[in-house]
Amino acid sequence: MSTWNSSSPTASPCRLVSSRRRTEAPPRRPSSESPPPKKMKSMAEIMAKSKQEEEEEEEEDRYSNVTCEKCSSGEGDDELLLCDKCDKGFHMKCLRPIMVRVPIGPWLCVDCSDQRPVRRLSQKKIMHFFRIEKETDQTETSQLSQEETKKYKRKSSSLTVKKRRRRLLPLVPSNDPEQRLTQMGTLATALTALGIEYSDDLNYVPGMAPRSANQSQFEKGGMQVLSKDDLETLEQCRAMYRRGEIPPLVVVFDPLEGYTVEADGPIKDFTFIAEYTGDVDYLKNRESDDCDSIMTLLLSEDPSKSLVICPDKYGNIARFINGINNHNRFSKKKQNCKCVRYSINGECRVLLVATRDISKGERLYYDYNGYEHEYPTHHFL
């Protein structure tokens, strides 16, 4: 190992040498004694010393222009290490890994010591490495007994926890039959007041869109398919509706919001509330419609084939659930349910689902702009 300090005129490349030397005070002699005669140096000693100084000066000049091979800077010479083999300089902080202190003994650079720095593997190489390791594990596992194999697989299984898919929950109707009659009565009153007939399914009226137009394969970008488990939950809820077992909801009239829906009992998160129903028509036929509850059913690549649900003549309780002002952050906090479009048996359907636990007396709100984000809600309360 060699270090260099240009501030020392007598420094050597092998070690740091201070330019100051310690001296001791000469012993005092009595004044009566005369100083001993000075011994004169011979010419040979003077020439030898002169030659040594010249060599040191030459060596100093040799290392005065040493720079770091990494940063090409000669500054910080007190941290500049010199290789004992190639005499190249390296700053301690420029080495990888960084050297915290001056090494003891001889020191060689990376090229002279044949020690290459560790390089980061690419993602492809890492994947290839684990693939080989996995194949090796499978070979070793096949040689183990059945018991050992189970234990080995348990230990070598991935630590990644897969997110559990949420399953749609069926509605929980009120236990009291009288309370259920009251809930149905509030819905009937609201439907009668607006001249709407009750319907719990999509209606295809002559002169509007036919049923053949409502196919999920026409959806732009595709549509999510309702899973088998959730389809069973939906069929269970439809059967409960037919028996008069409806969700704990009541329709109330508000002077500002008009008819709106309140929870008449607790509703759990991700509970099925209702399917959005009404007449199915082409969007192009309803562009100037003044109905305030038109719902998107199908967004086609061809705009002329896009479908909407119009609950102006037929509908259910979903017709009275209000939308939020999604341009107001305070209104967004009120949102507790959402509209989700699913492909059910090849047809497009719109389901209303709770997005959090809803307590009794709380009003239901959802965002009309769940997909296209174009419906103006600035005038919403």
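This briefing looks at cysteines, aromatic ring pairs and charges over rings in the structure above. The model is a predicted one. A search of the whole structure finds zero disulfides, while three aromatic pairs are present, and the rings of Phe253, Tyr259 and Phe320 are linked by such pairs into a cluster.

**Cysteines**
- A disulfide is a covalent bond between the sulfur atoms of two cysteines.
- Although zero disulfides turn up in the whole structure, Cys109 has the sulfur of Cys112 as its nearest cysteine sulfur, at 3.5 Å, and is in no disulfide, because the two sulfur atoms of a disulfide must be within 2.5 Å.
- Cys109 is buried, its relative accessible area being 3%, and Cys348 is buried with a value of 0%.

**Aromatic pairs**
- Among the three aromatic pairs is the edge-to-face pair of Phe253 and Tyr259, with 5.1 Å from centre to centre and 70° between the planes.
- Phe253 counts as exposed, at 56% relative accessibility, whereas Tyr259 counts as partly exposed, at 23%.
- Tyr259 also pairs with Phe320, and this pair is edge-to-face because the planes stand at 65°, with the ring centres 5.9 Å apart.
- Since Tyr259 belongs to strand β7 (residues 258-263) and Phe320 to the loop between β12 (314-315) and β13 (322-323), the pair ties together parts that are 61 residues apart in sequence.
- Phe320 is buried, with a relative accessible area of 2%.

**Charges over rings**
- The charged end of Lys284 sits over the ring of Tyr282, at 5.3 Å from the ring's centre.
- Lys334 lies over the face of Tyr365, 4.5 Å from the ring centre.

Conventions
Residues numbered from 1 in each chain as written. Predicted model: local features only at pLDDT ≥ 70, side-chain atom pairs only at ≥ 80, totals over all residues. Heavy atoms only, no water. Buried < 20%, exposed > 50% of the residue type's maximum accessible area, 1.4 Å probe, protein only. Phe/Tyr/Trp six-rings, centres within 6.5 Å; stacked < 30°, edge-to-face > 60°. Helix = DSSP H or I, 4+ residues; strand = E, 2+ residues; numbered from the N terminus. Lys NZ or Arg CZ within 6 Å of the ring centre and 35° of its normal.
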